[in-house]
Amino acid sequence: MKFVDEFRDSDLIAKTRDEIRRLADPGRHYRLMEVCGGHTHAIYRFGLKDVLPENIELIHGPGCPVCVLPMGRIDDGLALARRPEVIFAAFGDMMRVPGAHGSPLEHKARGLDVRIVYSPTDALKLARTNPDRHVMFFAIGFETTAPSTALTLMRARAEGIENFSVFCNHVTIIPAIRAILDSPDMRLDGFIGPGHVSTVIGCRPYEWIAKDEGKPIVVSGFEPLDLLQAVVMLLRQMKEGRTEVENQYKRVVPWEGNRAALGVMAEVFDLRPYFEWRGLGFISQSALRLRDAYARWDAERVFNVEGVRVTDPKAAQCGEVLKGVLKPAQCKLFGKECTPEHPVGALMVSSEGSCAAYYNYEHRKTAASLRILTPA
Amino acid sequence: MCLAIPGRIVELLTDPPVHLAMVDVSGVRRRVDLGLLEDDLPAVGDWVLIHVGFAMSRISESEAEDQMRMLAVLGEDAAAMEEVRGYGLEGRDP
């Protein structure tokens, strides 16, 4: 347990670790899923696997937006970027994600007008300053980024900016959790609920997980102590025979979420009947599209989108890893053909993808590099 | 994109219906959109968590410090500062 000593609050961490040992039934194997990719990153960074007893297994969930986006959507978006009038704008996270014919960055190198923006409003600004071009914002993300896209679209409409559109890939976390619970090869005992998504949606949308599925869920912060406390709260519920939604991250997450953010999302988006997720397949009502009132700014209606479906490279097992059926290192390509420098699948691109996290902190593990540096 | 970046509001640039603020993130000042906190607008001196140029929640100063330290420990601080420097939010300058 040498990592523990190097954490901040190491006394509290040690106490929490002891509490986990006291609460965990040694005859039982616990499978807990952290839904959020940010949690996955933190768990690997802090080496929490080494702090938890062996019978508590953390399963990495689908909460990494670039990881769950099927390749066909990237190809569809890039196909539109080939139109001479189109400027393809996306967050930096998207730039290295491979499509069937290369990533947005590779398309840029081939001469397409691909730009990084850091905010959807900056894509709208590009449209204002390039009136003879059409700026298409390739929107991705869960409920943490969807409200910002929505508010940007409301501004575009209010200002009557017509050379702007959104290629909407926003997804919602609840149906993904439902799909995982419905998956026959998945047995889970509880969930560590996402932190920042919950600042928007609050805790209420998780109630069915506790009530109908009988699984405890604890919304958690990102510090090592937060995550360990979330594990304590889950174990305590199981020991006491309770299944509830609990909020460990009260200092940031209000129970009711962010009403203004939910309001703008409801104004601009409605649910698609179904949407394809990498690894999880088609999930009904799991993604957002623009309402008819915003059709003028919906890239999928402004342009003719082919709707290509691209299967992942055969040898890559992104889907199995995304569902938590395989560990990253069990994929045949892991660390060989597929590395953060030359990613084959999206899970190796994003720092929140479980493959990149595993590669950076476990695969490259050396005695010195993994140590948690106590910040000054 | 998934980074939650803590910043302190140094100036309100609101011109309803658009609410903007000048925010200080580790010494870098950029405009940030407050439209998603419209129900309860923060004041000068308040700390907020920023996602993709939008303040998404109000937090305490100590939470802001913790979050900045977390970004550093996760090796995301450079990406966070690149994101903040990249915000080009337009002002309707008062």
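Let's start with one pair: Asp33(B) and Arg155(A) join their side chains in a salt bridge, N to O at 2.7 Å (a side-chain nitrogen of Lys or Arg within 4 Å of a carboxyl oxygen of Asp or Glu). This is a predicted model, in which local features need pLDDT of at least 70 and side-chain atom pairs count only at pLDDT 80 or more, while totals for chains, interfaces and linings use all residues. Residues are numbered from 1 along each chain as its sequence is written, chains are lettered from A in the order in which they are written, and side-chain values use heavy atoms, with hydrogens and water left out.

Here is the interface of chain B and chain A in brief.

| Item | Value |
|---|---|
| Contact residues, chain B | 34 residues |
| Contact residues, chain A | 41 residues |
| Buried area | about 3300 Å² |
| Salt bridges | 3 salt bridges |

Contact here means heavy atoms within 4.5 Å, and buried area is the accessible area (1.4 Å probe) that two parts lose on being put together, summed over both. Carbon and sulfur atoms carry 57% of that area.

The largest nonpolar core holds 140 residues, and Phe164(A), Tyr206(A) and Phe269(A) touch the most other members. Such a core is a set of buried Ala, Val, Leu, Ile, Met, Phe, Trp, Tyr and Cys residues joined through side-chain atoms within 4.5 Å, where buried means under 20% relative accessible area (1.4 Å probe, protein chains only). Beyond four places in sequence, the contacts of Tyr206(A) include Ile173(A), Pro194(A), Ser198(A) and Val245(A). A second, separate core has 20 residues, among them Ala21(B), Val25(B), Leu71(B) and Val84(B).

How values were computed:
Buried means under 20% relative accessible area, exposed over 50%, partly exposed in between (1.4 Å probe, protein chains only).
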